Amino acid sequence: MPRRIATHANSWYVADKRKLDNQLNAWIQIAGSEDCGVPEFPVPNARVIMAPHAGYSYSGATAGFAYKAWDLSQATRIFILGPAHHVYINGCSVSGCDFYDTPLGELTLDSELLRELANTGKFTWLSLKADEDEHSIEMHLPYIYKAIERAGKSHKSVKIVPIVVGSISSAQEKTYGALLKPYLEDPQNAFVISTDFCHWGARFSYTGYFRELPTHDNPNPEFIHLKEHGAQAIKHPLHKSIRALDHEGMAAIATGKHSEFVSYLSKTKNTICGRHPIGVMMAAAELMFGENKGSNLGRFRYLYYAQSEALEDVNGSSVSYVSGFMEMP
């Protein structure tokens with residue numbers, strides 16, 4: 001029975017079971033309702049969450065908000081959609097493992113469903129090496145283990161479905177959204193969308209910048225790239241422009257309209273690494289709920305936003321993190 005080991009433990013997060021458990025508990029505890037306007041945790045029917053996948057020292061606290069809000073009361077299966085960072089995939093791939101190890105204990109994969117997905121011809125099998133190299137799913141596994149525990153469920157009774165989403169087009173996002181829609185409709189299925197937001201700096205080949213910060217009177221200011229215009233074009237701190245850039249993307253996602261997010265990415269080229277997992281889930285929700293006219297169903301509500309640092313130096317870099325959940329009936 002193939003097993004994926006926790007390859008990023010002791011580097012991206014602590015491997016000691018007791019220390020990791022205490023750390024996750026602390027972050028979940030800190031994520032209180034006074035910080036994000038949510039009156040009740042977990043949020044009823046919040047079975048689809050969005051959370052980051054960077055090293056825990058950078059994004060673990062942000063992820064705690066999504067995991068505190070996550071409602072697993074009906075869950076028997078958890079889909080995890082993460083982007084591919086190390087291999088090129090023109091489509092989506094599924095894990096061939098039976099178990100995923102975490103420092104807290106093992107998680108069981110839904111091997112039968114994974115075979116069903118592969119049999120559609122739309123999903124390829126992920127090699128064990130590619131599976132273990134990828135961090136976008138692993139970084140959620142300890143939190144998922146804790147969430148199952150917090151929901152009072154057995155780790156054997158709730159199985160996981162890891163899906164690595166490759167470099168796909170918006171049309172392919174709709175195709176995969178249609179394939180996942182029946183699972184989204186089933187309240188026994190929960191979902192994790194794994195994504196970080198803007199990766200800013202020369203090391204990420206991205207220097208997008210608003211010449212003027214968006215305002216009510218000027219919602220669409222000129223958007224440039226400092227690589228082409230130089231540091232002399234800077235009029236306000238970089239971190240403020242990055243925040244405005246990310247929040248414009250978050251607003252596009254919150255419309256519930258797949259086309260709005262596609263348009264935003266076309267305009268800004270924002271380096272949201274999980275843009276394709278987001279696009280797939282938006283496409284599935286749009287098929288399920290329509291374009292959400294007069295309803296918040298299928299739309300995201302955000303709980304917390306953070307940046308790895310408040311960037312001011314054009315030669316520096318930062319990564320942004322977001323936690324949220326999808327409004328579900």
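A residue is called buried under 20% relative accessible area, exposed over 50%, and partly exposed in between, with a 1.4 Å probe and protein chains only. The model described here is predicted, so local features need pLDDT of at least 70 and side-chain atom pairs count only at pLDDT 80 or more, while totals for chains, interfaces and linings use all residues. Residues are numbered from 1 along each chain as its sequence is written, and side-chain values use heavy atoms, with hydrogens and water left out.

Salt bridges come first. The term stands for a side-chain nitrogen of Lys or Arg within 4 Å of a carboxyl oxygen of Asp or Glu, and the structure holds 13 of them. Helices and strands are named from DSSP runs (H or I of at least four residues for helices, E of at least two for strands), numbered from the N terminus. R4 takes part in a salt bridge with D131, at 3.3 Å from N to O. This pair connects distant parts of the chain, since D131 sits in helix α5 (residues 128-133) and R4 in strand β1 (residues 3-4), 127 residues apart. D131 and R4 are both buried. R4 also meets the side chain of E138 in a salt bridge, here at 2.9 Å from N to O.

K129 and D133 form it, their closest N and O atoms being 2.7 Å apart. The two residues are 4 apart in helix α5, which means that about one helical turn separates them. K129 has 59% relative accessibility and therefore counts as exposed, whereas D133, at 31%, counts as partly exposed. Elsewhere, salt bridges with shared partners join R3, D101, E106 and K156 into one network.

Strand β1 brings in the sheet. Two strands pair if DSSP finds at least two bridges between them. An open sheet of 3 strands has the order β1-β5-β6, and its pairing is mixed. The edge strands, each pairing on one side only, are β1 and β6 (105-108). Strand β5 (residues 99-102) runs antiparallel to β6 and is joined to β6 by 4 bridges. In this pairing F99 stands opposite T108 of β6.

Aromatic pairs are the next topic. Rings of Phe, Tyr and Trp (its six-membered ring) pair if their centres lie within 6.5 Å; planes under 30 degrees apart are stacked, over 60 edge-to-face, and the rest tilted. The count by this rule is 11 aromatic pairs. W27 and Y56 form an edge-to-face pair, because their ring centres are 5.8 Å apart and their planes lie at 90°. W27 belongs to helix α1 (residues 17-30) and Y56 to helix α3 (residues 56-69), so this pair links distant parts of the chain, 29 residues apart. W27 is buried at a relative accessible area of 15%, and Y56 is buried at 4% relative accessibility. The rings of F65 and Y304 are stacked, because their centres are 4.4 Å apart and their planes are at 5°. F65 lies in helix α3 and Y304 in strand β13 (residues 300-307), so the pair ties together parts 239 residues apart in sequence. F65 is buried, with a relative accessible area of 4%, while Y304 counts as partly exposed at 34% relative accessibility. Ring pairs also link Y13, W27, Y56, Y67, W70 and Y143 into a cluster.

The last topic is space within the model. On a 1 Å grid over the protein atoms alone, a cavity is a set of points where a 1.4 Å probe fits but cannot get out, and a pocket is an open set with protein on both sides within 12 Å along at least five of seven lines; lining residues have an atom within 4 Å of a point. Grid points are joined across faces, edges and corners, and a volume is the space filled by probe spheres set on the points. The largest pocket has a volume of about 470 Å³. Its lining comprises 21 residues, of which H199, R203, F204, V319 and Y321 lie nearest the centre. Strand β14 (residues 318-326) gives the most to this lining, with 3 residues. The largest cavity has a volume of about 50 Å³ and is lined by N45, R47, D71, S73, Q74, A75, P187 and N189.
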